[in-house]
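This briefing looks at how parts of one protein chain pack against each other. Please keep the sequence and the structure in view while reading.

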Amino acid sequence: MNQYDLIVVGAGPAGSTCAALCAHQGGRIMILEAARFPRDKVCGDCLNPAVWAILDRLGLSSAVRALPSTVPSTMRFSVSGHHELEIPIVSTTCSASSIEERIVRRRDFDALLAARACEMGAEFRDGSPVTTLRCHSGIWEVTLASGETYHARRIVAADGRNSVIARLQRHYSPRTKDGRIGIQAHIPHPSDYDGALAMRIYRNGYGGLADLGSGMANLCLVANKDSMKELRREAELYYRISTPVVWRSITPISRSQVLAPARNGIYLCGDAARVVEPFTGEGISYALRSGALLADILCTSGGLTSPPSSLQDRSYRLAHAQLYGRNLWINRLTRFLSEHPRIAHLTAPLLLRHPSLLSFLTKKVLNPKNSDVE
Ligand SMILES: Cc1cc2nc3c(=O)[nH]c(=O)nc-3n(C[C@H](O)[C@H](O)[C@H](O)COP(=O)(O)OP(=O)(O)OC[C@H]3O[C@@H](n4cnc5c(N)ncnc54)[C@H](O)[C@@H]3O)c2cc1C
């Protein structure tokens, strides 16, 4: 029987972090991942400076910095039909080391995290989508599409914004009001955007461009499904994309948050528990931090070998609410504006006329001292 202390479903930043830290504490951990690794992912590829505290804990900071990546030196904000504004990005210092915003391909970043989880003792199976979940006498049985089964007292659902586990366990309604879609492509880098992280507000959505180095850039666009075709055409013209590129898509962009991220031995972390608006590029950092938070709670209060307790559930629910409760007001504001593109297109030019306000907001998002990272 494939019996584990903990089964982690999904090897994104949340799942690999949680698995690595639990395995490090001696737990018998299995990560089940649907995709074949390494895999690309719809994401802006931007690491917020708050990630470094967790990457330090995982012993991965140097390895991440050694990946093909760039450190943007400026934020460029623009609104279609208006001039653009450039704000310098200043890396902050924390415990005598510099912590920067960094652009890294998710394909490389996620593969590194999963490999680290294995080095720290977790087992990893990719190409293994979980399809069903059942509980027999306090033991969860996870079934893969192949029919194989795995067993554990605890399951971590780190399977992203369309979490199968959350849906099977009715942690949230599968329906969501958000009709927006996100698309992403790696494109030839427009030379006039060297070293810049560019956010652009279009008439019917927004987009972000990040310099990946080696002549490539990441371009993400977010809009209502009906407007996406038009937005894509506008962005392709704006960034002079003349060769065919592969666009990947993801939906929904947001969803109602889960009522209880911990219940009966099922724990949700990362996007599976709560999705943050892509505009501010904080999703990976919240995924890493919620994965680490969950590992700490699972390994301390009662440990992984004892049966799940309501104390553990409550501790995680409270800590999770606290993690997301603070500092997300800018993110929520960008979500509101993105859901109301006309208001965004009217108000954004006002921001361009107030560089100090835009600079303040940028610093708030890019300064981990403003977040609850220890
Ligand atoms: C357009 C867009 C741009 C973004 N840009 C940024 C950015 O620049 N910076 C940033 O910080 N955040 C960004 N985000 C958010 C970021 O991508 C997510 O917050 C982050 O990936 C969440 O990590 P996670 O580990 O929770 O889930 P994911 O990264 O989604 O990982 C989930 C994993 O679970 C696997 N999985 C799914 N279903 C199953 C199953 N049934 N069985 C087994 N495995 C399964 C998936 O294959 C995947 O590997 C962006 C999001 C969007 C939509």
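This is a predicted model: local features need pLDDT of at least 70, side-chain atom pairs count only at pLDDT 80 or more; totals for chains, interfaces and linings use all residues.

Two residues are said to be in contact when heavy atoms of theirs lie within 4.5 Å.

- Helix α1, which covers residues 13-24, packs against helix α7, residues 283-300, at an angle of about 30°, and their axes are 7 Å apart.
- Because angles under 35 degrees count as roughly parallel, α1 is described as roughly parallel to α7.
- The crossing in which α1 passes α7 is right-handed.
- On the α1 side the contact is formed by Pro13, Ala14, Thr17, Cys18, Leu21 and Cys22, while the residues they meet in α7 include Ile284, Leu288, Gly291 and Leu298.

**The nonpolar cores**

- The largest nonpolar core has 47 residues, and those with the most contacts inside it are Ile29, Leu55, Leu58, Phe109 and Val156.
- Several elements give two or more residues to this core, including β1 (3-9), β2 (29-32) and α4 (106-119), as well as both α1 and α7.
- Of these, α7 provides the largest share of the core, with eight residues.
- Once its neighbours within four places in sequence are left aside, Ile29 is in contact with residues that include Tyr4, Leu6, Val8, Ala19, Cys22 and Leu304.
- Another core, of 25 residues, lies apart from the largest one, and among its members are Ile201, Tyr206, Leu352 and Leu366.

Note on methods:
Residues are numbered from 1 along each chain as its sequence is written. Side-chain values use heavy atoms; hydrogens and water are left out. Axes are lines fitted to C-alpha atoms, for helices over the stretch in contact, and angles run from 0 to 180 degrees between N-to-C directions. Helices (H or I, at least four residues) and strands (E, at least two) are DSSP runs, numbered from the N terminus. Angles under 35 degrees count as roughly parallel, over 145 as roughly antiparallel, 65 to 115 as roughly perpendicular and the rest as oblique. A crossing is left-handed if the near helix is turned anticlockwise from the far one by less than a right angle, and right-handed if clockwise. A nonpolar core is a set of buried Ala, Val, Leu, Ile, Met, Phe, Trp, Tyr and Cys residues joined through side-chain atoms within 4.5 Å. Buried means under 20% relative accessible area, exposed over 50%, partly exposed in between (1.4 Å probe, protein chains only).
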